[in-house]
Amino acid sequence: MKLTCLLGSAVCALSLNLATAQAETLTYAYQGDVQGLDPQALNETFTLGFLGNIYEGLTAYDGDMAIQPALATAWETMSPTTWKITLREGVSFHNGNAFTADDVIFSWRRALTEGSDQKGRARLIEDIEKISDHEIVITTAGPVPTLMQDLVFFYILDEDWAEANGATEATSVADTNSANYANLNTNGTGPFALVERQSGVRTVLERFDGYWTDIPGNVTEAVLTPIQEDPTRVAALLSGKVQLAYPIPLQDWDRLKQTEDVRVMVTPEARTVYLGMDQMRATLERSDVTDANPFKDIRVRQAFAHAINIPAIVDRIMRGSASPAGLMVAPQVTGFDPALNDPYAYDPDQARDLLAEAGYPDGFELQMDCPNDRYVNDEMICQAVVGMLARIGVTVDLLAQTKSKYFAKILAAGGYDTSFYLLAWTPSSMDAYEVLNLLMSCRNQEATTGPFNLGGYCNPEVDALTKQIAVEVDPAERQALISRAFEIAKEDYGYIPLHQQPISWGLANGVEAVQRADNVLDLRTVTIAQ
């Protein structure tokens, strides 16, 4: 079977049972909605994961997060900075246009346009040369050992379709309500095509009959309904209105496990939830401190770190289901160093002393940005942080809002409009370099480093190490460089890692799906018993 080669063992195991499976509709719910349909507008796992059913990259992940061929069938390094890529033949976009090398080159150039949130990936590539319709040579400025992983979520658009519809530039995440055709319509090569889109209400996909290979699942139609409220989402699962819902609130695990008609699937997610602080502006955007930015003083960052009771968040808000974190990468990610993973110690007395030493004996006021429909118990975590900081005299005005407004405010397109925020990150490459380059390197638009370093943390030594990591191919040497970079950033209190959250899905009996460590629901893997 072709699918055995495409998707790997976890999925292929399913395929053996599906020879006689019938077509089925999957109804499912997530806590938020897709942030538009332009695959280059927002670098967010849920949105990209959903769009991955419509669009494809040159490579893909299987259920075990191992790299697999997708629109590329083979690749080889001709030199440390050149890759020869063979593209798949016989692939059509949903409108019938043939997929060729021109579409890859167009998509790369489009990802470099103003609104794109994929510039970090696009700028890994210095040039793409077309050899033939199904062969290209990619040149990078330096060796990029993780290039094929970085191309998983780098989706390919149809050049002719984009030009015909005035969508040659990417949609800005700060302007997703604009009439950019590619943000309201789709035309990918993936196994499912868009048939209905009601933003915030429901999105319907149907199996693309012209897909270039068989898929293991038997879903022919999928209906996504965003349901923000936890009780309503669980009720929809229990009543049968949806057959799959995620995330399932931690407090409902035991109840659902005792329910005959549904079950809960849980696995650790390769995502680190963390707090970030604006260390760049001269003054904070919304604070009663008007003559300085308190976060420029390491003692204030230390005070915040030691004021946060991470074990209490894990025990009480995450109900023991999360793993406390001291690093910005999870154990599943290449480069994780367990020796550095102890969280900052909870010590409110030390935190108060540090604030006093920094000149804020009575604390200060600031605003905190937080999503309320993106991560497990995100708003509850932020509320707990607010309470913990209050104990050391810091008054926090919590702004918790839906992820569409949240991302539009805090990301580059919104001018990094945040002083203190909660965010989480799963490196799509499953490699620590992505976190060091995108989140922890000094923000430099020209060098394309730090585009998601929202607080502007900057240490030239970390930058220098990150540049070495980018081109180091010896695993032991590379790990040593990664560990040293994380060690320095930890000594700087540049970020406050909190925990790795669990992936928690609820499924109706008879529904099977592969649960990936990046929490992406690949509809190709879903089967529904007859």
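This is a predicted model: local features need pLDDT of at least 70, side-chain atom pairs count only at pLDDT 80 or more; totals for chains, interfaces and linings use all residues.
Let's start at Asp 397, which is partly exposed, with a relative accessible area of 45%. Asp 397 sits in strand β15, which covers residues 395-401. Leave aside the neighbours within four places in sequence, and its contacts are Leu 366, Gln 367 and Met 368. For a sense of scale, pick out Gly 90 as well: 307 residues separate Asp 397 and Gly 90 along the chain, and their C-alpha atoms are 55 Å apart.

Now zoom out to the whole chain. You can count 18 helices and 19 strands in it. The radius of gyration is 23 Å, close to the 24 Å that the globule rule gives for 530 residues, so the chain is as compact as a globular protein of that length. Taken along the principal axes, the box filled by the C-alpha atoms is roughly 70 × 55 × 45 Å. Of the 530 residues, 62% count as buried. If you take the contacts with a separation of 6 or more, 70% of them come from residues 24 or more positions apart.

Where does the chain cover up a helix? Have a look at α4, residues 101-110, which is mostly covered: eight of its 10 residues are buried. Among the buried ones are Val 104, Ile 105, Phe 106 and Trp 108, but Asp 103 and Arg 110 are buried too.

Helix α16 (residues 432-440) packs with helix α18 (residues 475-492) at an angle of about 35°, and their axes are 11 Å apart. The crossing of α16 past α18 is left-handed. On the α16 side, the contact is made by Ala 432, Tyr 433, Leu 436 and Met 440, while α18 brings in Arg 478, Ile 482, Ala 485, Phe 486 and Ala 489. Sorted by class, that gives eight nonpolar residues, no polar ones and one charged.

Most residues other than glycine have a negative phi, and most peptide bonds are trans. Against that background, check Met 430, with a positive phi near 55°. Met 430 belongs to the loop between β16 (420-425) and α16. Is Met 430 buried or exposed? Its relative accessible area is 9%, so it counts as buried. Arg 319 also has a positive phi, near 50°. You'll find Arg 319 in the loop between α12 (310-317) and β13 (323-324). Arg 319 counts as exposed, because its relative accessibility is 52%. Then there's the peptide bond that joins Tyr 246 and Pro 247, which is cis, with omega about -5°. Pro 247 lies in the loop that runs between β11 (244-246) and α10 (253-257).

How values were computed:
Residues are numbered from 1 along each chain as its sequence is written. Side-chain values use heavy atoms; hydrogens and water are left out. Axes are lines fitted to C-alpha atoms, for helices over the stretch in contact, and angles run from 0 to 180 degrees between N-to-C directions. Helices (H or I, at least four residues) and strands (E, at least two) are DSSP runs, numbered from the N terminus. A crossing is left-handed if the near helix is turned anticlockwise from the far one by less than a right angle, and right-handed if clockwise. Contact means heavy atoms within 4.5 Å. Ala, Val, Leu, Ile, Met, Phe, Trp, Tyr, Cys and Pro count as nonpolar, Asp, Glu, Lys and Arg as charged, and the others, Gly among them, as polar. Buried means under 20% relative accessible area, exposed over 50%, partly exposed in between (1.4 Å probe, protein chains only). The radius of gyration is taken over C-alpha atoms; the globule rule is 2.2 Å times the number of residues to the power 0.38.
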